Amino acid sequence: MNTEQIQKIEHSMMYLASFSRSYSLFNAIYGKLDELDYGTGNLFPFKTICNALLSDSAVSWCKVFGSNAEETHWKTIIPEHDEFRDCLLDNLNIEREHFTQYWKEMKTFRDNVVAHFNAEHFSAGSTPLFDIAELSSAFTHKYMRQLLPCNVDYSGPLCLIQYGRSTANAALSRLFV
(Lines give C-alpha, C1' and ligand atoms only; values in the text may rest on other atoms or scores of the structure.)
Protein backbone atom coordinates (compact mmCIF):
# COMPACT_ATOMS: atom_id res chain seq x y z
CA MET A 1 0.00 0.00 0.00
CA ASN A 2 1.44 3.36 -0.98
CA THR A 3 1.54 6.58 1.06
CA GLU A 4 -1.33 8.16 -0.87
CA GLN A 5 -3.63 5.21 -0.13
CA ILE A 6 -2.68 5.29 3.54
CA GLN A 7 -3.43 9.02 3.70
CA LYS A 8 -6.83 8.49 2.07
CA ILE A 9 -7.71 5.92 4.72
CA GLU A 10 -6.50 8.21 7.49
CA HIS A 11 -8.47 11.16 6.12
CA SER A 12 -11.67 9.12 5.94
CA MET A 13 -11.07 7.85 9.46
CA MET A 14 -10.54 11.45 10.58
CA TYR A 15 -13.99 12.42 9.24
CA LEU A 16 -15.56 9.44 10.99
CA ALA A 17 -13.89 10.47 14.26
CA SER A 18 -15.10 14.02 13.67
CA PHE A 19 -18.62 12.67 13.24
CA SER A 20 -18.31 10.79 16.52
CA ARG A 21 -17.09 13.83 18.46
CA SER A 22 -19.70 16.19 17.05
CA TYR A 23 -22.62 13.82 17.39
CA SER A 24 -21.72 12.79 20.92
CA LEU A 25 -21.21 16.41 21.96
CA PHE A 26 -24.56 17.27 20.38
CA ASN A 27 -26.29 14.56 22.41
CA ALA A 28 -24.59 15.57 25.65
CA ILE A 29 -25.38 19.27 25.30
CA TYR A 30 -28.88 18.65 23.95
CA GLY A 31 -29.61 16.55 27.03
CA LYS A 32 -28.78 19.56 29.23
CA LEU A 33 -30.08 22.24 26.86
CA ASP A 34 -32.72 23.73 29.14
CA GLU A 35 -30.23 24.05 31.97
CA LEU A 36 -27.46 25.46 29.77
CA ASP A 37 -29.64 28.01 27.96
CA TYR A 38 -31.50 29.02 31.12
CA GLY A 39 -31.30 32.74 31.74
CA THR A 40 -29.93 33.66 28.30
CA GLY A 41 -33.18 35.14 27.03
CA ASN A 42 -33.65 34.63 23.33
CA LEU A 43 -29.92 34.17 22.66
CA PHE A 44 -29.99 30.35 22.89
CA PRO A 45 -26.19 29.94 22.80
CA PHE A 46 -26.18 26.21 23.47
CA LYS A 47 -29.04 25.52 21.07
CA THR A 48 -26.89 27.27 18.46
CA ILE A 49 -23.95 25.06 19.40
CA CYS A 50 -26.18 21.99 19.08
CA ASN A 51 -27.29 23.05 15.61
CA ALA A 52 -23.67 23.52 14.54
CA LEU A 53 -22.66 20.15 15.99
CA LEU A 54 -25.50 18.31 14.26
CA SER A 55 -24.65 20.06 10.99
CA ASP A 56 -21.00 19.08 11.36
CA SER A 57 -22.08 15.50 12.09
CA ALA A 58 -24.09 15.35 8.86
CA VAL A 59 -21.27 16.82 6.79
CA SER A 60 -18.64 14.52 8.31
CA TRP A 61 -20.78 11.42 7.76
CA CYS A 62 -21.47 12.46 4.18
CA LYS A 63 -17.74 12.91 3.53
CA VAL A 64 -17.46 9.12 3.86
CA PHE A 65 -20.96 7.93 2.92
CA GLY A 66 -22.39 10.76 0.80
CA SER A 67 -21.42 11.14 -2.84
CA ASN A 68 -19.13 8.74 -4.66
CA ALA A 69 -17.25 11.80 -5.95
CA GLU A 70 -15.99 12.60 -2.45
CA GLU A 71 -12.27 11.89 -2.20
CA THR A 72 -12.88 10.39 1.24
CA HIS A 73 -15.90 8.25 0.25
CA TRP A 74 -15.58 4.67 1.41
CA LYS A 75 -15.74 3.39 -2.18
CA THR A 76 -12.46 5.17 -2.97
CA ILE A 77 -10.82 3.59 0.09
CA ILE A 78 -12.19 0.06 0.36
CA PRO A 79 -11.44 -2.14 -2.65
CA GLU A 80 -14.04 -4.87 -2.03
CA HIS A 81 -17.31 -2.89 -2.20
CA ASP A 82 -19.72 -5.82 -2.03
CA GLU A 83 -17.88 -7.49 0.84
CA PHE A 84 -17.78 -4.27 2.85
CA ARG A 85 -21.41 -3.41 2.12
CA ASP A 86 -22.52 -6.89 3.21
CA CYS A 87 -20.50 -6.65 6.42
CA LEU A 88 -21.83 -3.16 7.13
CA LEU A 89 -25.45 -4.12 6.58
CA ASP A 90 -25.01 -7.27 8.64
CA ASN A 91 -23.46 -5.25 11.45
CA LEU A 92 -26.30 -2.73 11.31
CA ASN A 93 -28.83 -5.54 11.02
CA ILE A 94 -30.68 -3.80 8.19
CA GLU A 95 -31.47 -4.50 4.56
CA ARG A 96 -29.79 -2.64 1.72
CA GLU A 97 -33.02 -0.84 0.81
CA HIS A 98 -33.32 0.49 4.38
CA PHE A 99 -29.75 1.78 4.32
CA THR A 100 -30.29 3.35 0.89
CA GLN A 101 -33.37 5.16 2.18
CA TYR A 102 -31.46 6.31 5.24
CA TRP A 103 -28.56 7.49 3.06
CA LYS A 104 -31.01 9.55 0.99
CA GLU A 105 -32.45 11.13 4.15
CA MET A 106 -29.00 12.08 5.41
CA LYS A 107 -27.93 13.53 2.05
CA THR A 108 -31.21 15.43 1.74
CA PHE A 109 -30.74 16.88 5.21
CA ARG A 110 -27.14 17.83 4.44
CA ASP A 111 -28.01 19.31 1.04
CA ASN A 112 -31.20 21.15 1.99
CA VAL A 113 -30.60 22.27 5.55
CA VAL A 114 -26.86 22.29 6.21
CA ALA A 115 -25.16 23.14 2.90
CA HIS A 116 -27.97 25.13 1.32
CA PHE A 117 -31.04 26.65 2.85
CA ASN A 118 -34.05 25.20 1.09
CA ALA A 119 -36.94 26.97 2.82
CA GLU A 120 -39.49 24.47 1.52
CA HIS A 121 -37.57 21.50 2.90
CA PHE A 122 -36.71 23.34 6.10
CA SER A 123 -40.35 23.89 6.99
CA ALA A 124 -41.67 20.55 5.71
CA GLY A 125 -38.66 18.30 6.15
CA SER A 126 -37.38 16.58 9.22
CA THR A 127 -34.06 15.92 10.85
CA PRO A 128 -33.10 12.28 10.40
CA LEU A 129 -32.18 10.18 13.38
CA PHE A 130 -28.42 9.72 13.57
CA ASP A 131 -28.38 6.25 15.13
CA ILE A 132 -27.51 4.46 11.88
CA ALA A 133 -24.92 7.12 11.09
CA GLU A 134 -23.31 6.56 14.49
CA LEU A 135 -23.18 2.78 14.13
CA SER A 136 -22.08 2.85 10.48
CA SER A 137 -19.31 5.33 11.33
CA ALA A 138 -18.01 3.18 14.17
CA PHE A 139 -18.08 0.04 12.03
CA THR A 140 -16.45 1.69 9.02
CA HIS A 141 -13.74 3.29 11.15
CA LYS A 142 -12.85 -0.10 12.60
CA TYR A 143 -12.95 -1.70 9.15
CA MET A 144 -10.66 0.96 7.67
CA ARG A 145 -8.27 0.72 10.60
CA GLN A 146 -7.82 -2.97 9.75
CA LEU A 147 -6.86 -1.97 6.20
CA LEU A 148 -3.86 -0.01 7.46
CA PRO A 149 -0.55 -1.84 7.10
CA CYS A 150 0.96 -2.99 10.39
CA ASN A 151 3.89 -0.59 10.00
CA VAL A 152 1.55 2.44 10.22
CA ASP A 153 1.69 3.94 13.70
CA TYR A 154 -2.00 4.62 14.22
CA SER A 155 -2.65 6.57 17.41
CA GLY A 156 -6.31 7.49 16.97
CA PRO A 157 -9.40 6.11 18.67
CA LEU A 158 -10.03 2.37 18.58
CA CYS A 159 -13.78 2.50 19.24
CA LEU A 160 -15.70 5.52 17.98
CA ILE A 161 -18.66 4.92 20.27
CA GLN A 162 -16.43 5.06 23.35
CA TYR A 163 -14.40 7.90 21.86
CA GLY A 164 -17.52 9.99 21.36
CA ARG A 165 -18.75 9.29 24.88
CA SER A 166 -15.36 10.22 26.33
CA THR A 167 -15.39 13.46 24.34
CA ALA A 168 -18.87 14.32 25.59
CA ASN A 169 -17.98 13.50 29.19
CA ALA A 170 -14.86 15.67 28.97
CA ALA A 171 -16.88 18.61 27.66
CA LEU A 172 -19.67 18.27 30.22
CA SER A 173 -17.18 17.95 33.06
CA ARG A 174 -15.81 21.37 32.11
CA LEU A 175 -19.26 22.94 31.75
CA PHE A 176 -20.56 21.64 35.06
CA VAL A 177 -17.82 22.14 37.64
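α1 gives the most, with four residues. Helices here are DSSP runs of H or I, at least four residues, numbered from the N terminus.

This is a predicted model: local features need pLDDT of at least 70, side-chain atom pairs count only at pLDDT 80 or more, and totals for chains, interfaces and linings use all residues. Residues are numbered from 1 along each chain as its sequence is written, and side-chain values use heavy atoms, with hydrogens and water left out.

Stay at the cavity. Its volume is about 50 Å³. A search of the whole structure finds one cavity of 30 Å³ or more. A cavity is a set of points on a 1 Å grid over the protein atoms alone where a 1.4 Å probe fits but cannot get out; lining residues have an atom within 4 Å of a point. Points are joined across faces, edges and corners, and the volume is the space filled by probe spheres set on them.

Now go to Phe44, in the loop between α2 (33-37) and α3 (45-65). Phi of Phe44 is near 45°, a positive value in a residue other than glycine. Most residues other than glycine have a negative phi. Phe44 counts as partly exposed because its relative accessibility is 39%, between the cut-offs of 20% and 50% (1.4 Å probe, protein chains only).

Last, select Asn93, in the loop between α5 (81-92) and α6 (96-115). Phi of Asn93 is near 60°, again positive. At 68% relative accessibility, Asn93 counts as exposed, the class over 50%.

Conventions
On a 1 Å grid over the protein atoms alone, a cavity is a set of points where a 1.4 Å probe fits but cannot get out, and a pocket is an open set with protein on both sides within 12 Å along at least five of seven lines; lining residues have an atom within 4 Å of a point. Helices (H or I, at least four residues) and strands (E, at least two) are DSSP runs, numbered from the N terminus.
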